[in-house]
Amino acid sequence: MIKESLAPENSAEIMGSYSHGLNVDLGNNKEMIFVTGQIAQDANGNVVCEDIEGQTEYVFHCLQDILKEANASLDDVIKTQIFLTDINDFAKVSPIRNKYFAKSRPVSTLVEVNSLVKKGCKIEIEVIAIREK
């Protein structure tokens, strides 16, 4: 099994022993891409905006950038997990999520959590994708 770490130039600084994403060669002309939960934090460690809609859009752009490093896209996503600090934001997040996953329609989990790793972040999204080489 061959693993390749994924980290686009504009990614937030890594804060520990992990990768923004991993591209795993499955050996059968397929690759599986795992993307660490992304938050609305820029490359300098700043929260990009305060509103949930803006944070959600930003996170989806981060996911796209990481997947692009593996020659994949959101259309290749098969599984997603979304973490919200306020479940009442679901009604605002859902239409944005539906826009980005219109083609892939991945299996999905959405849960409310007490807090995220960066104060001020309201959403975190992680994905798993599979693509043919």
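Is N29 buried, partly exposed or exposed? N29 is partly exposed, with a relative accessible area of 42%. Here buried means under 20% relative accessible area, exposed means over 50%, and partly exposed lies in between (1.4 Å probe, protein chains only).

The model is predicted: local features need pLDDT of at least 70, side-chain atom pairs count only at pLDDT 80 or more, and totals for chains, interfaces and linings use all residues. Residues are numbered from 1 along each chain as its sequence is written, and side-chain values use heavy atoms, with hydrogens and water left out.

**View A. N29 in the loop between strand 2 and strand 3.** N29 has a positive phi of about 65 degrees, although N29 is not a glycine. Most residues other than glycine have a negative phi. Strands are DSSP runs of E with at least two residues, helices are runs of H or I with at least four, and both are numbered from the N terminus.

**View B. N71 in the loop between helix 1 and strand 4 (77–84).** N71 is another residue to check for its backbone. Its phi is near 60 degrees, a positive value in a residue other than glycine. N71 counts as exposed, at 61% relative accessibility.

**View C. Helix 1 (residues 52–69) packed with helix 2 (residues 90–100).** The helices pack at an angle of about 25 degrees, and their axes are 9 Å apart. That makes helix 1 roughly parallel to helix 2. Angles under 35 degrees count as roughly parallel, over 145 as roughly antiparallel, 65 to 115 as roughly perpendicular and the rest as oblique. Axes are lines fitted to C-alpha atoms, for helices over the stretch in contact, and angles run from 0 to 180 degrees between N-to-C directions.

**View D. The residues where helix 1 meets helix 2.** Helix 1 brings I52, E53, T56, E57, F60, H61 and Q64. Helix 2 brings K92, V93, I96, R97, K99 and Y100. Contact means heavy atoms within 4.5 Å. The residues of this contact divide into five nonpolar, three polar and five charged.

**View E. The salt bridge of D25 and K133.** The two side chains meet at 2.7 Å, N to O. D25 sits in strand 2 (residues 21–25), and K133 in the segment after strand 6 (123–132). The pair links distant parts of the chain, 108 residues apart. D25 counts as buried at 19% relative accessibility. K133 counts as partly exposed at 44%. A salt bridge is a side-chain nitrogen of Lys or Arg within 4 Å of a carboxyl oxygen of Asp or Glu. A search of the whole structure finds four salt bridges.

**View F. The salt bridge of E132 with K30.** The closest N and O atoms are 3.4 Å apart. E132 lies in strand 6 and K30 in strand 3 (residues 30–38), so the pair ties together parts that are 102 residues apart in sequence. E132 counts as exposed at 52% relative accessibility. K30 is partly exposed, with a relative accessible area of 29%.

**View G. The salt bridge of R131 with E31.** Here the closest N and O atoms are 3.1 Å apart. R131 belongs to strand 6 and E31 to strand 3, 100 residues apart. R131 is buried, with a relative accessible area of 15%. E31 also counts as buried, at 11% relative accessibility.

Note on methods. Nonpolar A, V, L, I, M, F, W, Y, C, P; charged D, E, K, R; others polar.
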